[in-house]
Every structure is written in C-alpha cells, then in structure tokens.
Amino acid sequence: MQLATIFIGFVIFGFSENIKGPAIPRIQFDFLLNESQLGTLLALNSLGYLLACTFTAYLTRLWGIRWVTVAAFAVMAASGVFIFGSQYYPAFSASYFLMYIGNGMLEIGLAILGARIFVKNTGTMMNLTHGFYGLASTVAPLMATGLMAVTVNGHTLDWRGMYLVVLLLSVIPLAIAMFTTFPGDEVQHEERIPLKRLMRDPVLWLMICVLTFGVVSELAVGGWLVNFLEKAYGWDTVSASGMLSAFFLCFALARLLLGPLTDRIGFTVSLILFSSFSAACTFVAIFGGEKLAYFFAAGGVGIAMIYPTVMAFIARRYPRESDMAITFTVTVMGVGSVLGNYLIGGVIELVKGMVGAETQEGLFRGLQAGYGVIAICAALSAASGIILYGLLARRKEVI
C-alpha cells in the first residue's frame, strides 16, 4: 500500500505537471497573453508550489505523513474543479496557484516518504519511483491533446475540461493513502540535527545548486518545448506534443533503467555526467536547427536523473533529518524555478524586441535565446556537481 501510494502519486504528479504543454498556447490565446506575460504566469503560479514547500515539513511533524499526503491529493482534485469553472483570468490564475500548492505538498510528501522507506538500494528505488513520474509525463502531453478534443453531450472539453478530468484522478491515491500506515512519524524531534546546523553545511548548499539548475531546466521543457516547436518551426500541436512525449519517454526510461548505475558509480559522479549530457543535447538541438530537433528529446535522458539522485544523496547523508533537508532544499529550488520561468519569458521578449518584435525572425531568435537559458541551467548544474565532488573528495565523504 505504501508503494502503491508512492507510485500512483508520482503518476498523478507527472500528469499535473506536464499536461500544461499543449494547454498553454490555448490558455495564452483565450486570455490574450504575450510571451512575457505567459512567463510571469508560470513564475507567479510557481509561488504556490514554493509556498507549499515552506509549510509541508511542519505539517508532516504535526499531522504525520499520511494526512499530509491525503491533503495534497485533495487540494489537487479541488483545483481541477476550480480551473474548470474559471471563465476569467483572475479566477483561473488563483485556481492554477492552488494546483501548484497541491503539487508542492505532494512532491515534498512523496520525497519524505521515499527517504523513509528506501533504506537499501536508495538510488535505484528513488529513480524507479520517479520513473513513474517520467512515464506519466510521457503520456501527459498526448493525453492532454486528445482530451481537449473530446466532445461530451455536444460540449468540447477543451483545456478546462481536460484539467478537470486529469486532476480528479487524484481521488484514487487519496483513497489508498487514507487506509495506509507510513513509517518514521515516531522519530522524536529532539533526536534530529537542528535546521540551523544543516544550513551551515556547504555540501547541502552545493546540492541545492545542482538541484535548482537541473529542475529549472527540466520543468522549463514541459512549459516551453511545445511553444517553441509550434512558433519557431511551424509544427502542428500533435507533432509538437509528440516531441514533448518523446522527451519524457527518454526521461522515464532513463529513470527506470539507469537507477542501478547511480548506486554503482556514486551519486555525485552521476549528477555531473547526466547534467552535462543534457546540456550538450539541448545546445545541439537549439543550434542544429529543425533537422536535429530530436536532440530535445535525447536531453531527457540526462536531466531525468538529477532530482531522484539528489533525493537519494540527501536520504543517505541525512537519514534522520531527511524531511527537514528535503524541504529546505526543495524550497530554495522553488525560488530558482520561479526566477527561471520569469527569466526565460523575459529573454524571449528582450531578444525578440532587439531583432524585430513583429517579425518571424525576431520571434525565432527570441525563442532560441529563451530555450538557450534551459541549456545553460543544465550546464550550471554540472558545474555545481564538479565543485561538490571536489569538496567531498577533500573530506573523503564522496557518496
């Protein structure tokens, strides 16, 4: 039952995070948003995710991990209902904000639960569970595209109905979690290292850098790849969504198949190798033109391994304080995600204006520059990993 909660929970998480790719162009059209406003929307709504990160660990100690997980699924289901009913931009923005709160609670809850359960073969099991996120992410864009075209009693679901259907699936793991007991809530708080002492550990801060740059790169693909392919190369929605699904297929297969490799070669070396590979693939895709667009998908192999490997690293290094360490790490990462989405939208508008705001060339160069930020973030993740390895090697603490 614990594994079912984690696995299905990551499926729902993957759906909710990555159905936005095909929906964003429609949302942009319905509310008449430009690229900068769209980037701001994604950034501001990520604040909901960030807000959830700040209080989820406290609620875990107060309520226990089971009820926090139940609450996360309930919030996500409710947000689907509110998104469906939102006809004006303020209501939609608030509903989207609520969904990100649910996402944040769910991500922290599942990460804490995994750290408590997977005490052996940590890298393999963390990557396996996150592989379910990758599988869901693979299906999500095509599923979203299909659902938006479904007609029920003469009414097309469109993006509002699609969000309702997908987010109501949260009821399934909610029911499982309500009747499941989870380990670790009996650990006394006085047995743990205080957060202030954790914050003085430079290893934790370097791990935050690795994770933040990696996750900004990962999440930005879900929000911007379909937009890039449709507007830069004139692809139709199905083809662009297919490329996003190919990215997440590579993403999922990497997590399902390469997890044992992280245990074998070490978590720190794995982070350096995989983030470097993702950066290289993304740069090739951007500057290689449409004929090399498949490298966008190949980049999913590298970036997929960052998050679960960091979670495995934290679970190994801070076994009793994993909930505090994970929450603090993901909270700081959330700040980076907010800034990352805002930066990408701003770079697109800036370069577009410099080249020619009303020209196709200006739009193409703007999108190219904005997507370049995604590749640079992956490269910075690799650079942070190299610094981390050097620090751990000097201390003889390489994990």
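Which residue's side chain meets that of E17 in a salt bridge? The partner is K20, with a separation of 4.0 Å from N to O. The model is a predicted one, with a mean pLDDT of 85 for the protein chain and 96% of its residues at 70 or more.

**Confidence by element**
- Among the elements of the protein chain, helix α12 (residues 267–287) has the highest mean pLDDT, 93.
- The lowest mean pLDDT, 77, belongs to helix α3 (residues 35–63).

**Nonpolar core**
- The largest nonpolar core comprises 128 residues, of which Y163 and M311 touch the most other members.
- Helix α10 (residues 202–233) supplies the largest share of this core, with 18 residues.
- Leaving aside residues up to four places away in sequence, M311 touches A111, M126, L211, I326 and V330.

**Surface**
- A nonpolar patch on the surface is formed by M1, Y58, L62, W63, W67, M178 and F179, which together have about 830 Å² of accessible area.
- Helix α3 provides the largest share of the patch, three residues.
- Y58 is found in helix α3 and counts as partly exposed because its relative accessibility is 48%.
- P260, placed in helix α11 (residues 237–265), is also partly exposed, at 37% relative accessibility.
- P260 and L62 are 198 residues apart along the chain, and their C-alpha atoms are separated by 35 Å.

**Salt bridges**
- The structure holds 10 salt bridges.
- In the E17–K20 pair, E17 is buried at 4% relative accessible area, and K20 is buried at 6%.
- R317 and D201 form a salt bridge whose closest N and O atoms are 3.3 Å apart.
- Because R317 lies in helix α14 (residues 306–317) and D201 in the loop between α9 (195–199) and α10, this pair ties together parts that are 116 residues apart in sequence.
- R317 is partly exposed, at 21% relative accessibility, whereas D201 is buried, at 12%.
- R365 and E361 form a salt bridge with their closest N and O atoms 2.8 Å apart.
- These two residues are four residues apart in helix α16 (residues 360–395), so about one helical turn separates R365 from E361.
- Both partners are partly exposed: R365 has a relative accessibility of 34%, and E361 has a relative accessible area of 42%.
- Salt bridges with shared partners join D201, R317, R395 and E397 into one network.

Definitions and conventions:
Residues are numbered from 1 along each chain as its sequence is written. This is a predicted model: local features need pLDDT of at least 70, side-chain atom pairs count only at pLDDT 80 or more; totals for chains, interfaces and linings use all residues. Side-chain values use heavy atoms; hydrogens and water are left out. A nonpolar core is a set of buried Ala, Val, Leu, Ile, Met, Phe, Trp, Tyr and Cys residues joined through side-chain atoms within 4.5 Å. Buried means under 20% relative accessible area, exposed over 50%, partly exposed in between (1.4 Å probe, protein chains only). Contact means heavy atoms within 4.5 Å. pLDDT is the predictor's confidence in each residue, from 0 to 100. Patches are made of residues with over 30% relative accessible area and no salt bridge: like charges are joined within 9 Å, nonpolar side chains (Val, Leu, Ile, Met, Phe, Trp, Tyr) within 5 Å. Accessible areas come from the Shrake-Rupley method with a 1.4 Å probe; for residues, only the protein chains shown count as cover.
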